[in-house]
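Please read it alongside the sequence and the model.

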Amino acid sequence: MNEESQRLPVVSDQDVVRVRQLVRTAAVAAKLSLVDQTKLVTAASELARNTLVYGGGGHVEVTPTRSERGKAGIRIVFSDEGPGIADLDLAFTDGYTSGGGLGLGLSGARRLVDEFDIVTAVGEGTTITVVKWCR
Amino acid sequence: MPLSPDEARRFADLLESHAEPLTARWTELVVASLRGRLSGAELHRQTTDLRRGFQSALSAGAIEVTDGAADELRAQLSELSSNRARQGFTATETAISIYALKEAVLDVIGDGDDALRLYVAFSAFVDRAALFTFDSYVRIRESLIADQAEQLLELSTPVVKLWEGVVAVPLVGTLDSARAQVVMERLLQTLVDTSSPYAIIDITGVPAVDTQVAQHILKTVVAARLMGADCIISGIRPQIAQTIVALGIEFGDIATKASLADALRYVLSRNGNKSSRS
Ligand SMILES: Nc1ncnc2c1ncn2[C@@H]1O[C@H](COP(=O)(O)OP(=O)(O)O)[C@@H](O)[C@H]1O
Ligand SMILES: [Mg+2]
């Protein structure tokens, strides 16, 4: 639908930094407010790190988008072919972590964006799509 | 304009039938343009490989540098760019190594009826290969610069004694795990060295505070407490504050201030005479 989408591999810490920079640039271009830019960049940082740490690496795709009513926004897709998430309720519980983190990445990221969709299957991987709209 | 299939075939033939003199002349031109900064033997190896790369791409049917049949050639050109960028050559010097092929071709193309027409077509192909090389050089150079900036950042994590009894660490840029570890160790060491009861962690320069950054800060605060020092987090800008709240991060009873100056004022007021300037 959109030719301007950009895709980055996520296989190292440096890649997570690159994802943040790419999302920041896209958010500025879409004229998101400073607060919304920061929220989106932070959500992307959380989800990209999960892709790296729990998904065993994967990809992030950032696409400028428009709503039906013409509002500008950013869509980001995080995908990995890792172990998947067996218990979604548990994974979204504030404070739950299987890896010594704060356990706020998934639940926090969902609160930071306007749309959040997760598709996961054990043994197949996880794909998370988020959207943030301009106000 | 792309080559016609016939032109591509004839270019491939020319590269094959005159392989020796063409490579020799091409090498000579590149050696001259780089003024001896790479050895003749090394450059000869490069031009030999590149000549082969051009020839295989063209005989596999490439009529344009972007064609699938030219994948291998583009990989060679990117590698050349990458090596030259690392060795400190300029983008122009790098591209000239490819442009020089045109002059070498001119020497061997002969003076047949359509030599001029063919030469123009071949030249255009070489030009696009050189431009591709130029572009990839620029991309590689940018990523080298970004890497260096990142490394520089890691080195520059100063912990300063701000006042008698107060040390401060201004965090700048992205705080990955490795750097966070360095920051924490330096801060704790400085607390010991200066026997300061207060540490201010200033995050004005951190563009985004995610859970990993927050966790590093929290761990540092706990470690400092174990050593008898109190930490204050300063420089929390409004957008960062809102994001932290939405994430659900709790700094608990850790004092937070909007600016470094506020944090210092707070410490001094709490500490009254203990932290006098004497
Ligand atoms: N892409 C993923 N693949 C597999 N498991 C995941 C993925 N993302 C998150 N998880 C699981 O969900 C848990 C919660 O994630 P998160 O809220 O980001 O907390 P944290 O990263 O601190 O562990 C993780 O500990 C992990 O078990
Ligand atoms: Mg996480």
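The points below take the chain contact, the ligand site and the salt bridges in turn.

The model is predicted, and every value here is computed from it. Chain A and chain B bury about 1,800 Å² between them. Ligand 1 has 17 residues around it, and the protein buries 92% of the area that the ligand exposes when taken alone.

**Contact between chain A and chain B**

- Chain A puts 23 residues into the contact, and chain B puts in 20 residues.
- Of the area buried between chain A and chain B, 56% is on carbon and sulfur atoms.
- Eight residue pairs are in polar contact across the interface, counting pairs with both residues at pLDDT 80 or more.
- On the side of chain A that touches chain B, two or more residues each come from helix 1 (13-29), helix 2 (34-53) and helix 4 (105-112) of chain A.
- Helix 2 of chain A gives the most to that side, with nine residues.
- By residue class, the side of chain A that touches chain B has eight nonpolar, eight polar and seven charged residues.

**Salt bridges**

- Side chains of opposite charge can pair when their charged atoms come close.
- Two salt bridges are counted between chain A and chain B.
- One salt bridge joins Arg49(A) to Asp210(B), with the closest N and O atoms 3.2 Å apart.
- Over all chains, a search of the whole structure finds 24 salt bridges.
- Within chain A, Asp15(A) and Arg18(A) form a salt bridge through their side chains, at 2.9 Å from N to O.
- Asp15(A) and Arg18(A) are three residues apart in helix 1 of chain A, so about one helical turn separates them.

**Ligand 1**

- Which residues come nearest to ligand 1? They are Asn50(A), Tyr54(A), Thr97(A), Ser98(A) and Gly103(A), out of the 17 residues around the ligand.
- Asn50(A) has a polar side-chain atom 2.8 Å from an oxygen atom of ligand 1.
- Thr97(A) has an N or O atom in its side chain that is 2.6 Å from an oxygen atom of ligand 1.
- Asp80(A) has a side-chain N or O atom 2.9 Å from a nitrogen atom of ligand 1.
- Taken alone, ligand 1 exposes 540 Å², of which the protein buries 92%.

Definitions and conventions. Residues numbered from 1 in each chain as written. Chains lettered and ligands numbered in written order. Predicted model: local features only at pLDDT ≥ 70, side-chain atom pairs only at ≥ 80, totals over all residues. Heavy atoms only, no water. Contact = heavy atoms within 4.5 Å. Buried area = accessible area lost by both parts, 1.4 Å probe. Salt bridge = Lys/Arg side-chain N within 4 Å of Asp/Glu carboxyl O. Polar contact = N/O pair within 3.5 Å; in protein donor to acceptor, adjacent residues only side chain to side chain. Helix = DSSP H or I, 4+ residues; strand = E, 2+ residues; numbered from the N terminus. Nonpolar A, V, L, I, M, F, W, Y, C, P; charged D, E, K, R; others polar. Near = heavy atom within 4 Å. Areas by Shrake-Rupley, 256 points an atom, 1.4 Å probe, with all protein chains shown as cover.
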